[in-house]
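Let's walk through this one together, question by question. Have a look at the model first.

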Amino acid sequence: DVKEGSPADAEGIKQGDIVTKIVRDKKIVPVTSVQEFQDAASKGDDLSFYVQSPNAAGRFVTLSKAKK
């Protein structure tokens with residue numbers, strides 16, 4: 001689910017969108033599981049990834065964690 005008001009929501013990511021790749025160490029690598037995506041998201045302040053929408057072209061998105 002995409003939480004309303006979240007950075008993902010602000011970027012237009014919707015339920016049903018699929019993350020297929022992430023940018024890790026300046027390289028594009030495939031994501032094979034939700035756990036792999038969550039692990040990557042937990043390791044830094046920013047995460048760039050490729051999201052494929054069922055009704056639109058795929059695109060790269062960069063999300064930043066909220067500043068505390």
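Accessible areas here come from the Shrake-Rupley method with a 1.4 Å probe, and for residues only the protein chains shown count as cover. The model is predicted, so local features need pLDDT of at least 70 and side-chain atom pairs count only at pLDDT 80 or more, while totals for chains, interfaces and linings use all residues. Residues are numbered from 1 along each chain as its sequence is written, and side-chain values use heavy atoms, with hydrogens and water left out.

Q: What share of the accessible surface of the protein belongs to carbon and sulfur atoms?
A: The accessible surface comes to about 5,200 Å². Of this, the part that belongs to carbon and sulfur atoms is 52%.

Q: In what order do the elements of the protein run from the N terminus on?
A: Helices (H or I, at least four residues) and strands (E, at least two) are DSSP runs, numbered from the N terminus. The protein has two helices and four strands. Their order is α-β-β-α-β-β.

Q: What is the radius of gyration of the protein?
A: The radius is taken over C-alpha atoms, and the globule rule is 2.2 Å times the number of residues to the power 0.38. For 68 residues that rule gives 11 Å, and the protein's value is close to it, so the protein is as compact as a globular protein of that length. The radius of gyration is 12 Å.

Q: Is Ile-28 buried or exposed?
A: Ile-28 is found in strand β2 (residues 27-30). Its relative accessible area is 54%. Because that is over the 50% cut-off, Ile-28 is exposed.

Q: How far apart in space are Gly-16 and Asp-1, C-alpha to C-alpha?
A: Gly-16 lies in the loop between α1 (7-10) and β1 (18-24), and counts as partly exposed at 43% relative accessibility. In sequence, Gly-16 and Asp-1 are 15 residues apart. In space, their C-alpha distance is 8.4 Å.

Conventions: Buried < 20%, exposed > 50% of the residue type's maximum accessible area, 1.4 Å probe, protein only.
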